[in-house]
Amino acid sequence: MVQLSPDTDTGCVIRECYGHAAGYRHDDPTIQGFSHTHFSGAGHSDLGDFLVMPAAGESVPLEPGDPKTPGSGYRSRFSHDTETAQPGYYGVTLADPGIRAEMTAGIRVGVHRYAFPAGAPAHLIVDLRSALYNYPGKTLWSSIRIRPDGTITGARETRGWAPARKLFFAMRPSAP
């Protein structure tokens with residue numbers, strides 16, 4: 001039920017997204033974030049639910065920015081030399097914030113691990129608007145809540161290959 005993967009560009013709209021059907025395109029120079037649901041080998045694009053992107057520093061951009069303009073948003077450049085991918089594991093160093101991102105998935109859980117630069121404030125961006133094969137009105141509603149114990153919960157309903165598809169999540173960071 002969970003397929004963690006980097007998404008290199010979710011900004012394209014319907015009929016322009018076939019090259020990004022899986023979320024990751026090898027020749028893209030930036031990663032927009034890591035989402036938890038992807039089709040595998042379907043030949044069609046959808047999902048890309050619950051995009052998470054680590055950030056470091058005093059200011060945190062809230063928009064992904066233009067992939068052609070580094071530093072214009074929260075997306076980051078990366079090098080394939082820093083990628084490691086094998087069944088059940090993906091790791092990459094995000095060049096702009098200097099963060100090592102690693103992830104794995106179980107049946108119903110995705111586990112992220114981020115190594116942030118020493119001395120810099122650490123942040124997580126959770127983008128509930130982002131989706132693969134996006135179009136106006138695809139996300140019908142979304143919600144997010146930070147509970148007193150630090151647990152982050154949320155949900156959204158989308159249209160697409162499954163009409164009125166509702167997904168829910170809960171995250172528990174290891175630090176505030």
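This passage walks through the confidence of the model and the surroundings of a few of its residues.

The structure is a predicted model, in which local features need pLDDT of at least 70, side-chain atom pairs count only at pLDDT 80 or more, and totals for chains, interfaces and linings use all residues. Residues are numbered from 1 along each chain as its sequence is written, and side-chain values use heavy atoms, with hydrogens and water left out.

The protein chain has a mean pLDDT of 89, with 93% of its residues at 70 or more. Strand β1 (residues 5–7) has the lowest confidence, at a mean of 92, while strand β7 (residues 89–94) has the highest, at 97. Strands here are DSSP runs of E with at least two residues, numbered from the N terminus.

Beyond its neighbours within four places in sequence, S5 is in contact (heavy atoms within 4.5 Å) with Y24, G33, F34, S35 and H38.

Q32 sits in the loop between β2 (30–31) and β3 (33–35). Its relative accessible area is 2%, so Q32 is buried. The side chains of Q32 and R75 are joined by a polar contact of 3.1 Å; such a contact is a pair of N or O atoms within 3.5 Å, where within protein one must be able to donate a hydrogen and the other to accept it, and residues adjacent in sequence count only if both atoms are side-chain atoms. Not counting residues up to four places away in sequence, Q32 touches several others, among them D7, T8, L51, P64, Y74 and S130.

V52 belongs to strand β4 (residues 51–56) and is buried because its relative accessibility is 2%. Leaving aside neighbours within four places in sequence, the contacts of V52 include G33, F34, H112, Y114 and M171.

What is the relative accessibility of F168, and does that make F168 buried or exposed? The value is 59%, so F168 counts as exposed. F168 lies in strand β13 (residues 165–171).

Conventions: pLDDT = per-residue confidence, 0-100. Helix = DSSP H or I, 4+ residues; strand = E, 2+ residues; numbered from the N terminus. Buried < 20%, exposed > 50% of the residue type's maximum accessible area, 1.4 Å probe, protein only.
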